[in-house]
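Here is a friendly walk through some strands and cores of a model. Have the sequence and the structure open as you read.

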Amino acid sequence: MKKLLLFAALLAATSGIAQVTNTRNQASGPQEAMPFPATSLRATSDSLEAASEYAGGSGTEADPYLIETPEQFMKLAQDATGDGIETYLLKGVYFKQTADIDLSGLPAYTIGNGAYFCGIYDGNGYSIKGYTLQQSISNYQEVSFMPALFMNVKDAVIKNLTLEDFDINLKCTEIEDSRFGISPLIALALNSRIENCVTKGHYALSASGVSNSLYIGGIVSLSNANIINDCHAYGTIDLIHNYTSDGRHVSYSYAGGITAYAEGGTIINCTNHMAIQSKAEGTSDIGIVERSGGIFGKGIDLQILNCANEGPISGEAQNTVPDKIWLNIAGIGGKLENGLVQNCWNAGELSSIGRDDWPALSILSSWSDTQKINNYADIDVEGAGVMDGDIELGTSYMQSEAFVSDLNENLPEGGKEWSYREGDYPTLRVEESTPDANEQIHVSNTTFRLTPEGVEINAEQASEMAIYTMQGIQKAARQIPAGTTSIALAPGIYILQLNGEGHKIVIR
């Protein structure tokens, strides 16, 4: 087999079997630790000619570099490419996107390739769409391949960005001692802040071989000591792992709507709407690990606050040694060690096939040294299971105003208020008021009215504004100046947020 590093960070492997306390089954299992980067190489791909300059700016907080075209995005990808993972690039440099960017049909370039991106990227309420990667890898060992829009970030901020129509499909065959990950936004994030980001797309990863680990996250693949706030994932995840044993190492599979694997940090105000399917099969007398959850697959020293899952989660595992399967499928997280889960809920269908004694659970499948406070499970959905303090509720109650009140009365510090939607589950983005066309609505020192073209806002002073679709996709987010600002919107239903207050608006 060839040895090669491709397009991502090489992750340090850990192996071995150790006794692990598990409140579900008191079973022993493999000892897992956070994989960290060592080195990486550039991708090899046909080039889109990068812009020689950004659209404006000097890179400071007051005057960020402006990005509005694919060519300027490629310039950032070039500027954030290094030749070793100990390289830290663009630390403290500010970037702001000023238009939607379409990458359809272009090479899948990435920011933070062969180095850490350490800057601040503000999507400014705009979107990047059409990022596509179809890649096959065969007959390698010690490969690390983790495609994402941002590959490696450290001490960075990624915010106010929507990713649409992303399609990443990675197929790996005859691979040994390797690590593969897929995420639309970030592959590996360390000590960073990711906030107000939405992803939507299809992500598929399949691998066969000996002693490999797979990671798919809807926002981040691998997360360490990050704050992930107000992020929301839509679309599908498909993970297939065919394995054989080398007699030394365990094979791992992790999938999560927000992150696949997280050590340290906080995930707060996040929701998953992705359908996650994972399947592992093969032969190993040492064992395999498959962990999937609506928010995370595996977490250590992790806080999950005010989060929810509405996406279906399913996992299946087959092994020639049936008791050497660790299969953890849950609405919030597969396995959590030394953590906190508070004010979270699940309404997604669940399925776990392969260990009859380990059914899927609504909140956590496996946990140790972990607090669970005020977490709710819709027991009317298929496959829902509850355990150890999970609060059992039915669909009708969880779609009621009373449930919204329960959530908002128990908000953790930093938690956003939930909003009621008639005949649906609560949301962090939808508000009740729906003004008629030309009706003026007063919000603090601001008024707005609907027009045939969109919305007109009149502000007495600079104000914070954001607009979302009913699916949670951000269409705009910026500070508007005093005076009149007109925003064009296509016909549809939106949520307009002004100075922290939300209003449902209908453009006809």
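Buried here means under 20% relative accessible area, with a 1.4 Å probe and protein chains only. In a regular strand the side chains alternate between the two faces of the sheet. This is a predicted model, in which local features need pLDDT of at least 70 and side-chain atom pairs count only at pLDDT 80 or more, while totals for chains, interfaces and linings use all residues. Residues are numbered from 1 along each chain as its sequence is written, and side-chain values use heavy atoms, with hydrogens and water left out.

Strand β12 (residues 144–145) pairs with β15 in the parallel sense over two bridges, and Phe145 has Phe180 as its bridge partner in β15. Strands are DSSP runs of E with at least two residues, numbered from the N terminus, and two of them pair if DSSP finds at least two bridges between them. β15 also runs parallel to strand β18 (residues 213–217), joined by four bridges; there, Ile182 has Ile216 as its bridge partner.

## Parallel pairing around β24

Strand β24 (residues 275–283) pairs with strand β20 (residues 232–244) over nine bridges, in the parallel sense. Opposite Leu239 stands Ser278 of β24. With strand β29 (residues 313–319), β24 makes a parallel pairing of seven bridges, in which Gln277 stands opposite Ser314.

## An antiparallel open sheet

Now to a sheet with antiparallel pairing: four strands form an open sheet in the order β43-β42-β45-β46. β43 (474–480) and β46 (501–507) stand at the edges with a single partner strand each, so one side of each has no neighbour in the sheet. From one strand to the next, the twist averages 20°, an angle between N-to-C directions on a scale from 0 to 180 degrees, with axes fitted to C-alpha atoms.

Strand β45 (residues 492–498) runs antiparallel to β46, and seven bridges join them. Ile493 stands opposite Val506 in β46.

## Nonpolar cores

Which residues touch the most other members of the largest nonpolar core? They are Phe117 and Phe150, in a core of 83 residues. Strand β14 (residues 157–176) gives the most to this core, with eight residues. A nonpolar core is a set of buried Ala, Val, Leu, Ile, Met, Phe, Trp, Tyr and Cys residues joined through side-chain atoms within 4.5 Å.

Leaving aside neighbours within four places in sequence, Phe150 is in contact (heavy atoms within 4.5 Å) with residues including Thr110, Phe117, Tyr121, Leu161 and Ala187. A second, separate core has 20 residues, among them Met146, Ala187, Leu188 and Leu190.

Methods: Buried < 20%, exposed > 50% of the residue type's maximum accessible area, 1.4 Å probe, protein only.
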